[in-house]
Amino acid sequence: MSTKKEIRCYQCGETEESSIEDLFGYMVCRACKVKLGLYHDETIKKHAESFQRAKDLNPQKPSYKEEVDYRLIAMEKDYISKRIKLLHIQERLSQL
Ligand SMILES: [Zn+2]
């Protein structure tokens, strides 16, 4: 029995290995990677500079890195809350 993990795009299910890459632990095909709209370094620099300008005026404001760190944590919590809610509905439906 093979224990090799199947390589499959998380979004569309593509399994052609040559078009799939691992992005932060998620398998993504070339077409779906384009649709993600990942930022170019120049765009990221502009955002970081914009956040820095705001922080210079008000030190309470977050840096771009702090904002991104915060958003990742908030998004994860939101995802888990929504997943618990759906799993609860699924469980109730199976018992009603
Ligand atoms: Zn895909």
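Visitor: Why does the end-to-end distance of helix H3 agree with its residue count?
Guide: Helix H3 covers residues 64–95, 32 residues in total. At 1.5 Å a residue they should span 46 Å, and the end C-alpha atoms are 47 Å apart, so the two agree. The expected span is 1.5 Å times one less than the number of residues. Helices here are DSSP runs of H or I with at least four residues, strands are runs of E with at least two, and both are numbered from the N terminus.

Visitor: What is the average pLDDT?
Guide: This is a predicted model, where local features need pLDDT of at least 70 and side-chain atom pairs count only at 80 or more, while totals for chains, interfaces and linings use all residues. Residues are numbered from 1 along each chain as its sequence is written. The protein averages 95. pLDDT is the predictor's confidence in each residue, from 0 to 100.

Visitor: New topic. How do S1 and S2 pair?
Guide: Antiparallel, over four bridges. Strands pair if DSSP finds at least two bridges between them. S1 is residues 20–23 and S2 is residues 26–29.

Visitor: Which residue in S2 is the bridge partner of glutamate 21?
Guide: Valine 28. Aspartate 22 stands opposite methionine 27.

Visitor: What about phenylalanine 24 in that hairpin?
Guide: Phenylalanine 24 takes a positive phi near 55 degrees. The hairpin has two residues between the strands.
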